[in-house]
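Hello,

Here is the structure I promised to pass on to you. My notes follow below it.

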Amino acid sequence: MRETRIEDRVKAKAKAAGGVAHKWISPGFTGLPDRIVLLPVLPEHCEIVNKYVKMVETKAAGKTPEARQVFVHQQLRNLGYEVHVPDSKEDVDEIFA
């Protein structure tokens, strides 16, 4: 079976479970898995999950996310994940406090 069919099945199963299966690409860093699957986090588990999983969209000072980024950030928040948008060293430090 072709890899694309396997990936399509991963995406379909993630969606059926209420989650997402985003393509995971990191230019200059090889060896990452093809997809990161994020399933809904039960409210009682949010604190522990967000202690160990950090979603971070860095921005230059005073800049804000673009419309598509806002949409995806909200999608992730709806699944129970925190999304941080630091635009200063202090904001970054706060994420890891």
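**What I found**

Val37 is partly exposed, with a relative accessible area of 40%; here buried means under 20% relative accessible area, exposed over 50%, and partly exposed in between, with a 1.4 Å probe and protein chains only. Please keep in mind that this is a predicted model, in which local features need pLDDT of at least 70 and side-chain atom pairs count only at pLDDT 80 or more, while totals for chains, interfaces and linings use all residues. Residues are numbered from 1 along each chain as its sequence is written, and side-chain values use heavy atoms, with hydrogens and water left out.

**A nonpolar patch**

Val37 sits in strand β2 (strands are DSSP runs of E, at least two residues, and helices are runs of H or I, at least four, numbered from the N terminus). Together with Met1, Ile6, Val10 and Leu39, Val37 makes a nonpolar surface patch of about 460 Å². Patches take residues with over 30% relative accessible area and no salt bridge, joining nonpolar side chains (Val, Leu, Ile, Met, Phe, Trp, Tyr) within 5 Å and like charges within 9 Å. The areas come from the Shrake-Rupley method with a 1.4 Å probe.

**Salt bridges**

Counting a side-chain nitrogen of Lys or Arg within 4 Å of a carboxyl oxygen of Asp or Glu, there are four salt bridges. One of them pairs Lys23 with Glu7, with the closest N and O atoms 3.4 Å apart. Through shared partners, Glu7, Lys23 and Arg35 form one network. Glu7 counts as buried at 13% relative accessibility, whereas Lys23 is partly exposed at 40% and Arg35 is partly exposed at 21%. Another bridge joins Lys59 and Glu57 (3.8 Å, N to O).

**The largest pocket**

Its volume is about 280 Å³. A pocket is an open set of points on a 1 Å grid where a 1.4 Å probe fits, with protein on both sides within 12 Å along at least five of seven lines, and lining residues have an atom within 4 Å of a point. Lys23 turns up again in the lining, along with residues including Trp24, Met55 and Arg68. Helix α3 gives the largest share, three residues.

Best wishes

Terms used: Grid points are joined across faces, edges and corners, and a volume is the space filled by probe spheres set on the points.
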